[in-house]
Amino acid sequence: MDWTLVFFFVFALIALGGALYMLNLQKVVHMAVALAFTFFGLAGLYVLLEAEFIAFAQIMVYSGAITILMLYGIMMTRHDAEEAPLRRPVHTALAFIGALGLFGFLFYGIMTTPWPGGSTEPLVEDNVRELGLALFNEYVIPFELAAILLLVALVGAVVLAKREVED
Amino acid sequence: MSAWTWLIPIFPLLAFLLLIGLGRSLRPAAGYVASLAVAVSLVLSLFVLAEVSAAGGAMVHTFPWLTAGDTTFTMGIEVNRLNAMMLAIVSFVSLLVHIYSIGYMHGDDRYGTYFAYLALFTFSMLGLVISPNLLQTYIFWELVGLSSFLLIGFWYFKPQARDAAKKAFLMTRIGDVALFAGMILLFWQVGSFQFSDIFAAVRAEEIDPGMVTLTAILIFIGAVGKSGQFPLHTWLPDAMEGPTPVSALIHAATMVAAGVYLVARTYPLFEASPTALTVVAAVGGFTAIFAASIGLVQTDIKRVLAYSTVSQLGYMMLALGVAGYTAAVFHLGTHAFFKALLFLAAGAVIHAVHTQDIREMGGLWRKMPLTAWVFLIGALALSGIPPFAGYFSKEEIILAAWEGGHPVLFALAVVAAFFTAFYMFRLFFLVFVANPRDAAAAKRIDAVRPVGREMTLPMLALAALSVVAGFVNTPWYHGLAGWLSADGLTSHYEAPGFVGWITALTVLTALVGIGLAASMYARGTLSPAALARRLEFGYDMLLNKYWIDELYGATVVRGAFGLGRLLHGIDRYIVEGLVALVGVLFRFVGRIGTALQTGKAQASNLVGVLGLVLLLIILTLGGVWE
Amino acid sequence: MVNLASYLTVSALLFCLGLFGVLTKRNAVIVLLSIELMLNAVNLNLVAFSKFGAFPGLDGQVLTLFSLTVAAAEASVGLAILITLFRNRGTAEVNEMDMMKR
């Protein structure tokens, strides 16, 4: 009984299902919630890939913060509570063809590339510790830059979303 | 003087150019200017005639004109006996018609333009007869056709005149195309347009006999068109819409004779092909009797004369076909004189009575005695009564037919002679002798005033010639025959001599014709109306010209219109459709472009994605990922 | 037997679904959401390669962390812009934002 396979399928199904539901549901809020499921599924997949820290970061950031952020955005932009389907058959059809084409190409690439057989040994002993070491030693500069980026984003978002002061 | 032959057509040309430009301001003098130019041409022609008579062969001057590849086309002049005779006849009759027109067209709005056109015609005709090669002949042939068109449609505000001009041009065009085809075939075979080269090749039997026959017949078709032979004859009677002097000059004496002249000019070609000669004779003979029969019942004085012209031209073609070269040329000359005379006299009548319908005339002898006399002379000449000119020339033709062993043609010629005498004197009696039919006509007759001198003098001159011109070639004295063949260009002429019973037959036929006409129209012993009723179908058929015009209208004209409509449809729907299609195509492409330029992000994104996918697919298929 | 190809396939599927959403959805928030989906697919790809790739190591996971960070920043800024746009235009529809038409 290859539990890895089972869990892989389960989590993959949750991820893909969430994405599909997101595309096909009518109400905007439902769409956001569906996507949250996708994030969860992905987190599971990260665990399977021995990236536990990433998995928890994913849950916290994505299905926690970003989903809530999107919901706030939905609330504030006074949607019509649902996305009325727009009759743009040509556009939709072409988009479908484009996405399908891209997937086809990627799939072709995946299938024909001779991937190296992965080792069955565990990657590292302590994921968080190793990650921290790597982050503060080799990748310290990108780390700092990412911090500045977050600061900039925060300031920018605040400035942008500030209401005009009525004088 | 022969080197100055080229001047002969130049004077009328100068007159034309002058009058086209200044015709309006020179109004009263226009007629005199044109007449003076033609008079100078006449004088020069007479000099040339004298010189050619003295000299032996022909005189040719050519200069190179156009070089295309290896061949050089030349232009120039050639003067031989036939040409010189034609030059003299054409310029003389033209001069008389010019003088006559001064009186006839007096007071017309476009007086100057009229004389310009007359001068153009004279130039073209004179140029035609002295052409040394087929190409030049064709050029002048077309010019003559153009002048005819301009003059027939001179009173262009009359729809019948416009239609008649168009009809004339289109019908002669059919002949012209055949002539052109024959010309090109000859050029292809011989390598030159020059008459001398062509005749040399024919005599040396360098050309395939079938080709000789073909080209001869094609050239003859050109003559059929121009000379109004069956089946291209219907334009001539309609051409009577033009002024009467025009009818006299062009459609009696000269232009229509151009067809006969052409056949005579290219005679060696015809002599080499008995088939062609038979065709010529058959068409000529048939036309002679056909046209004469129509002329029996026509009521318009000019139309009777027109059909008579067609018939007489048929006689000339008949003569050429039975190897009576001299007879044909002789008849051409005499016919020019008396037919022009008849037309001018008719013109005088029309000018006085203001109608062309002979049923509205009668008894004009008292009022216009001079005109009546000259008309009588012309009629007698045309009917072939000795000692007038027509007798001798007609006699030659009938003799040639008999001597050549063509009994059918001989019979046709004699019957046609009978018809000719009959309808001419029917005309004469109805117009001049018989009493007016009703009161209106009588009143019209009473109002007639005498005709001006410009009009009577030419008529007198032509009358004189109609009397004496016959004596140049009688059964006892073959002056013309000898003179024509002296330059060695035409074949040796066998003089038939005097055949007594034929002469008696022809004269008798003519007299019977006159007598019949007299009894029907002058004395009233035989009623024409009763005869018409008894032979009603025949009468109808003749009156309606055998319904040939209607036949042409239903077939050729309708066919041409149908083709025109078809092509118009193709032009509108297919050609323009293609053009519109291009526009639609561009608009379609534009609309696609518009769809991309909406400013909506998703549209641009879509384009990007599609482009990426396309690129990847192309790269994959191109095998880049090896 | 789960190998690299399976993870990559899942990642490709998610990516294309996200792409379809970006191109087709009318509500701007949903478009942003779809962009997040695409970024997630990329993360999955990186992590899969870090485990199964030619050089197994933690580099992929580090990059994933950074990708996560940037995605979060981008989402917040994007939403801020959207809210401003909504305030000015009164609608959150992507198709109404066509000021770049000319």
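# Close-up views of a predicted three-chain model

Figure 1. The model is predicted.

**Figure 2. Chain A is built from 6 helices and 0 strands.** Along the sequence the pattern reads α-α-α-α-α-α. Chain A has 167 residues, and 26% of them count as buried. Take the contacts in chain A between residues at least 6 apart in sequence: 58% of these join residues at least 24 apart.

**Figure 3. Chain B touches chain A through 8 residues, and 8 residues of chain A take part.** The side of chain B that touches chain A has 7 nonpolar residues and 1 polar residue. Charged residues are absent from this side of chain B.

**Figure 4. Chain B contains 27 helices and 2 strands.** Of its 626 residues, 51% are buried. Among contacts in chain B with a separation of 6 or more, 80% come from residues 24 or more positions apart.

**Figure 5. Helix 3 (residues 81-104) and helix 15 (residues 325-353) of chain B pack against each other.** Two packed helices are described by the angle between their axes and the distance between the axes. For this pair, the angle is about 5° and the axes are 11 Å apart. Helix 3 of chain B and helix 15 of chain B are therefore roughly parallel. Helix 3 of chain B contributes L82(B), M85(B), I89(B), V93(B), V97(B), Y100(B) and Y104(B). Helix 15 of chain B answers with V329(B), G333(B), A336(B), A340(B), L344(B), G347(B) and H351(B). The contact counts 11 nonpolar and 3 polar residues, with no charged ones.

**Figure 6. The largest nonpolar core has 210 residues.** Which residues have the most contacts inside this core? They are A119(B), V260(B), V280(B), L318(B), A340(B), L341(B) and A413(B). Now take A413(B), leaving aside its neighbours within four places in sequence. A413(B) is in contact with G285(B), A288(B), Y315(B), L318(B), I397(B), I398(B) and A401(B). A second, separate core has 75 residues. Residues of this second core include L606(B), V29(C), A48(C) and L82(C).

**Figure 7. The buried residues of helix 7 (residues 195-203) of chain B are F195(B), I198(B) and V202(B).** They cover an arc of only 65° around the axis, so they sit on the same side of helix 7 of chain B. These buried residues pack against four helices of chain B: helix 6 (159-190), helix 8 (209-227), helix 11 (255-265) and helix 12 (267-271). E205(B) follows helix 7 of chain B. The phi of E205(B) is positive, near 55°.

**Figure 8. Helix 2 (residues 28-52) and helix 3 (residues 59-89) of chain C have axes that come within 9 Å.** The axes cross at roughly 175°. That makes helix 2 of chain C roughly antiparallel to helix 3 of chain C. On the helix 2 side, the residues that meet helix 3 of chain C include A28(C), V29(C), L32(C), E36(C), L39(C) and V42(C). Among those on the helix 3 side are D59(C), G60(C), Q61(C), L63(C), T64(C) and S67(C). The contact of helix 2 with helix 3 of chain C comprises 14 nonpolar, 7 polar and 2 charged residues.

**Figure 9. S50(C) lies in helix 2 of chain C.** Is S50(C) buried or exposed? S50(C) counts as buried, because it has 23 C-beta neighbours inside 10 Å and the cut-off for buried is 20 or more. Not counting residues up to four places away in sequence, S50(C) touches P56(C), G57(C), L58(C), D59(C), G60(C) and Q61(C). S50(C) and Q61(C) are 11 residues apart in sequence. In space, C-alpha to C-alpha, S50(C) and Q61(C) are 6.6 Å apart.

Note on methods. Residues numbered from 1 in each chain as written. Chains lettered and ligands numbered in written order. Predicted model: local features only at pLDDT ≥ 70, side-chain atom pairs only at ≥ 80, totals over all residues. Buried ≥ 20, exposed ≤ 12 C-beta atoms within 10 Å, placed from the backbone. Contact = placed C-beta atoms within 7 Å. Nonpolar A, V, L, I, M, F, W, Y, C, P; charged D, E, K, R; others polar. Axes fitted to C-alpha atoms, helices over the stretch in contact; angles between N-to-C directions. Parallel < 35°, antiparallel > 145°, perpendicular 65-115°, else oblique. Core = buried A, V, L, I, M, F, W, Y, C linked by C-beta atoms within 7 Å. Arc of directions from axis to C-beta.
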